[in-house]
Amino acid sequence: MLVFTIRRLFQAIPILIVSSFLSFWLATVSGDPVTQKFALRNPPPSKAILDLTRHNMRLDRPWITQYWDWLWGLVSRGDWGPSIDGLQIGSAIGTALAVTLRLILAAMIIALVLAMASGIISAYRQYSKVDYSFTFVGFVFLAMPTFWIAALLKEGAIQFNNSWQSSFGTRPIQTVGQQSIVPPTDFFGRMSDYGTHLVLPTISLALITYAAWSRFVRGSLLEVLNSDYVRLARAKGLTPRRVMFRHALRTALIPMTTVTALTIAALFGGAIITERVFQWRGMGTLIINAINERDRYVIMGWLLVVGLIVVLGNIIADLLYAVLDPRIRYE
Amino acid sequence: MSETTSRPSAEESEGAGGPSAVGLAPPPPEKVEREFTVKERSQASMVLTRFLRHRLAIGSLIFFILLVLVVYLSPVIFHLNYSTITDQASLSPSFKYPMGTDELGHNYVALVLRGAHQSMNIAFIVAIMSSAFGAPYGAIAAYYGGKIDAIMMRIVDVILTLPFLVVTGALAEHYSGTWYTVAILLGVTGWVINARVTRGVVLSVRNQEFVEAARALGASDTRIIFRHLIPNVTGTLIVQATLDIATAILAEAGLSFIGLGIHAPDTSLGVLAQQSQNAIETRPWLFYFPCVMIVVICLSINFIGDGLRDALDPRQTRQRR
């Protein structure tokens, strides 16, 4: 198991290097930050300034050297490269990641709980009214654009806040930002501040994810419920509850680890949109600004960090799979 | 002179195989008749029967076809022109303007239909591109297996580490954000899913007897992949294509919403939502109608895909009610 883990970690390195090269190519193809920055400057800046900025952005070096310098600088000195905005890229990504991971993890947990609950009920009462309504709700969420769910929730919360304020004088649901402008200084105050700001974005991201997962739980559970060993468990006279939770569910949920890991990249995509609606300053804002300014090294750093998380997530899922499923052994 | 011509009712009474009176062997009978006639059912007809029993899917299919017709033919049928400006700006929905008018006085129905037109164009291109490239890719990887499979799938892994929203966004932003660049970019990033799905199905059929038989008859690898393996995954591919359409419409909408997809003057449902996101409180219809359109398109496409999946699943023959 340990050998397998180490081998997988080493296998991840070439994938990340190729992925970072691809993102470097992407960032160069997508445009030139210096031209973008000075495009609308009037009067146009002198050539000396342009040359200096290009030099500072390492754009005067040959194409492949730029990539090598970036990679070597990152590996040897922890230098993430220059930003046209003067961002400290490493710490900027760190701050943004802390914000976005809160959202993604909370959404994942809620989506998993919801998907398991509705998947179990749906599979247990297949083709019943409950099953049909869960299926229909899932389909609707699957068809809804992320930003619309978010916008609807936000609108609803604002209406609720307005009516609440007129009678009680406070606005209980936070609709803007990842924290208050002046957050409380004590630990518990800060945590509850984060928590109240998390509610709406988490719900909107969780609902999208829930829709896909609940279909999966239902399908996988139905397959298991039709298998011989579950029939045996029933024939032994076990209670339906025991058959479901002790026998069927354990097997049915094993593939969920893989599905969850495969959703990580999509969750970051969903988080970008959700953060936009609720005006969070997380990974979403960071990458949208970077793309708009063609801020090459920010884009590359962002993609590298997200790629690393996706790859690590997949490795963890593989390991969990082996722990949960006794039929699989990694030698 | 054979026997059958002399006895007109031969087909019904005795069928083929009766002893021949003359020494010559009779020509092979055209149709084999049995005592208990079993109607031969092809796979396609069984799938069709099962699909037709799926009422929601059939309803969605009819609805979707009508929707496509309306969207593509609306300028001809209803004389709706998206560039015509009426003299009434910011009207809420009424009988004359079912979706109201925007702040410039455009009839919003025309704008939404044009946006849907663009979104559907994108979705169809993405679905075709993803299937056309992803399916052979996955089939080749699964068929050859071993090192080739490992390398090809590592490439897929690499692409999956990059969130498509960012990749497409960064490139679309540079290439001026026209609808066809966004379509091509979504296709370029979207085929990996089709490749994985195809690979999975091909892996499960490639060791079956018919492939061995084809190989024993001397069929080339190309022939086996394209004539034997790909037809076997057609069903899965069609289902996947319906998913691709829904995903592409949602992806384009999300991309345009964060301002990285299609840019004005080009339009789409996502662009309409993005342009009107600040009007939610004052003129909500401008934001809600494009969103409702997206939901309606994706919902009907997903129902069709679900019905097809059930119909194509041979295990469903007797289980389905």
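**Exercise 1. The end of helix 11 of chain A**

Which residue just after helix 11 of chain A takes a positive phi? Determine also which residues of helix 11 of chain A are buried and what covers them.

*Solution.* The structure is a predicted model.

Step 1. The residue is A:Arg294, whose phi is about 55°.

Step 2. Within helix 11 of chain A, the buried residues are A:Met283, A:Gly284, A:Leu286, A:Ile287, A:Ile288, A:Ala290 and A:Ile291. Because 7 of its 10 residues are buried, helix 11 of chain A is largely enclosed by the rest of the structure.

Step 3. The cover over these buried residues includes helix 5 (89-124), helix 10 and helix 12 of chain A, together with helix 7 of chain B.

Step 4. Leaving aside residues up to four places away in sequence, A:Trp302 touches A:Ile93, A:Met283, A:Leu286, A:Ile287 and A:Ala290.

**Exercise 2. Chain A as a whole**

*Solution.* 

Step 1. Of its 331 residues, 37% count as buried. Among the contacts in chain A with a separation of 6 or more, 72% come from residues 24 or more positions apart.

Step 2. A residue needs 20 or more C-beta neighbours within 10 Å to be buried, and one with 12 or fewer is exposed. A:Glu155 has 16 such neighbours inside 10 Å and therefore counts as partly exposed.

Step 3. From A:Glu155 to A:Gln36 the separation is 119 residues in sequence and 36 Å in space, taken from C-alpha to C-alpha.

**Exercise 3. The side of chain B that touches chain A**

How many residues of chain B are in contact with chain A, and which element of chain B gives the most to this side?

*Solution.* 

Step 1. The contact involves 34 residues of chain B and 38 residues of chain A.

Step 2. On the side of chain B, two or more residues come from each of helix 6 (146-161), helix 7 (164-174), helix 10 (221-257) and helix 12 (284-312). Helix 7 of chain B gives the most, with 9 residues.

Step 3. By class, this side of chain B comprises 24 nonpolar, 6 polar and 4 charged residues.

Step 4. Helix 7 of chain B is mostly covered, with 10 of its 11 residues buried. Among them are B:Phe164, B:Leu165, B:Val166 and B:Glu173.

Step 5. The buried residues of helix 7 of chain B pack against helix 1 (2-29), helix 10 (240-278), helix 11 (283-292) and helix 12 (296-324) of chain A, and also against helix 8 and helix 10 of chain B. Just after helix 7 of chain B, B:Ser176 has a positive phi of about 60°.

**Exercise 4. Helix pairs in chain B**

*Solution.* Two packed helices are described by the angle between their axes and the distance between the axes.

Step 1. The axes of helix 10 and helix 12 of chain B come within 9 Å and cross at roughly 165°. An angle over 145 degrees counts as roughly antiparallel, so helix 10 of chain B is roughly antiparallel to helix 12 of chain B. The crossing is left-handed. The contact has 15 nonpolar, 4 polar and 1 charged residues.

Step 2. For helix 5 (residues 108-144) and helix 8 (residues 179-205) of chain B, the axes come within 5 Å and cross at roughly 35°. This crossing is right-handed. Its residues divide into 21 nonpolar, 10 polar and 2 charged.

Step 3. Helix 5 and helix 6 of chain B have axes that come within 6 Å and cross at roughly 145°. Here B:Tyr137, B:Ala141, B:Ala142 and B:Tyr144 of helix 5 meet B:Gly146, B:Ile148, B:Asp149, B:Met152 and B:Met153 of helix 6. The classes are 7 nonpolar, 1 polar and 1 charged.

**Exercise 5. The largest nonpolar core**

Which residues have the most contacts inside the largest nonpolar core?

*Solution.* 

Step 1. The core has 153 residues, and those with the most contacts inside it are A:Ile287, A:Ile299, A:Trp302, B:Ile249, B:Ile294 and B:Cys298.

Step 2. Helix 5 of chain B gives the most to this core, with 18 residues.

Methods. Residues are numbered from 1 along each chain as its sequence is written. Chains are lettered from A and ligands numbered from 1 in the order in which they are written. This is a predicted model: local features need pLDDT of at least 70, side-chain atom pairs count only at pLDDT 80 or more; totals for chains, interfaces and linings use all residues. Axes are lines fitted to C-alpha atoms, for helices over the stretch in contact, and angles run from 0 to 180 degrees between N-to-C directions. Helices (H or I, at least four residues) and strands (E, at least two) are DSSP runs, numbered from the N terminus. A crossing is left-handed if the near helix is turned anticlockwise from the far one by less than a right angle, and right-handed if clockwise. Ala, Val, Leu, Ile, Met, Phe, Trp, Tyr, Cys and Pro count as nonpolar, Asp, Glu, Lys and Arg as charged, and the others, Gly among them, as polar. A nonpolar core is a set of buried Ala, Val, Leu, Ile, Met, Phe, Trp, Tyr and Cys residues joined through C-beta atoms within 7 Å. Two residues are in contact if their C-beta atoms, placed from the backbone, lie within 7 Å. Angles under 35 degrees count as roughly parallel, over 145 as roughly antiparallel, 65 to 115 as roughly perpendicular and the rest as oblique.
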